[in-house]
Amino acid sequence: MKHRKTIIAGIDSKQIRLDFFSLKPGEPYNNLKKSYVVFICCFDFLKTGSAVSIFEKYSKKDDRYLGDECYTVIVNATSEELGINEGLKNLFSYMLTQEVPEGDEKLQIMDEAIKMHNTGEELAKMMTLEDKMVIEYEKGIEVGIEKGKSELIIEMHKNGMPIEQIATYTKLAIEEVSSIIKG
C-alpha cells in the first residue's frame, strides 16, 4: 500500500502528541498514564478482515513487551466480523457514507454537531491550531538535525578531516562547511 508509511507515521505522531500534552514541563516520564491511539480506518488497512486490532511495542530480540502502556488500536470500519455491536456498526456505516442510520438518535446528535462545527470559523481555528502544532514540531526537528549536523562537522574538522571531504560526506558546499566551522 503506497500510503502505509504515511498512515503509520500519523499514528506515531498522535502518540507523541498525546504523551507531550500529558506531562507538564519537568514532570517525570513515569507519570504518563496508560494511553490509546485509536485509528478508525474506512478500509481494511491491515488486510486481515478483523474489526479491531490492538498493538503495543514489542522487542523481537528480547521476546518481551516494552510495558509502556501505550496502545495503538486500528479499527476497520468495513469489517463484517461478528461480535461488533449495533452501535459500532452504525458508527462505521456513518463514517463510510456520512448518512445517519434510521432511528440512531446518538448518531443524529453527533451528525448535527459535526455539521455545525465543520463550517466557517470554528473549523478554520481548529485546523489552524493543528497545522501550527505540526509545523512547529517539524521546525523543531529540523533545527535539531541542523544543530547535530553542525556539531558533527566541527568535530570532524577538529579530528583533522579536510573541509573538502566533510563537504562530500555532508552533501554541503565547501563554503557552507567553512562557515559552520568558523562559527
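## Ground rules

Helices (H or I, at least four residues) and strands (E, at least two) are DSSP runs, numbered from the N terminus. The model is predicted, with local features needing pLDDT of at least 70 and side-chain atom pairs pLDDT 80 or more, while totals for chains, interfaces and linings use all residues. Residues are numbered from 1 along each chain as its sequence is written, and side-chain values use heavy atoms, leaving out hydrogens and water.

Let's start inside. The structure holds 1 cavity of 30 Å³ or more, where a cavity is a set of points, on a 1 Å grid over the protein atoms alone, at which a 1.4 Å probe fits but cannot get out.

Strand E5 (residues 70–76) gives the most to the lining, with 3 residues. Among the lining residues are Ile74, Val75 and Asn76; such residues have an atom within 4 Å of a point.

## A stacked tyrosine pair

Next, the aromatic pairs: there are 2, counted when ring centres of Phe, Tyr or Trp (its six-membered ring) lie within 6.5 Å. Tyr36 and Tyr71 form a stacked one (planes under 30 degrees apart), at 5.1 Å centre to centre and 20 degrees between the planes. Tyr36 lies in strand E1 (residues 35–41) and Tyr71 in strand E5, so the pair ties together parts 35 residues apart in sequence.

Tyr36, at 46%, is partly exposed, the class between buried and exposed (over 50%).

Technical notes
1 Å grid on protein atoms, 1.4 Å probe; cavity = no way out; pocket = protein on both sides within 12 Å on 5 of 7 lines; lining within 4 Å. Points joined across faces, edges and corners; volume = space filled by probe spheres on them. Phe/Tyr/Trp six-rings, centres within 6.5 Å; stacked < 30°, edge-to-face > 60°. Buried < 20%, exposed > 50% of the residue type's maximum accessible area, 1.4 Å probe, protein only.
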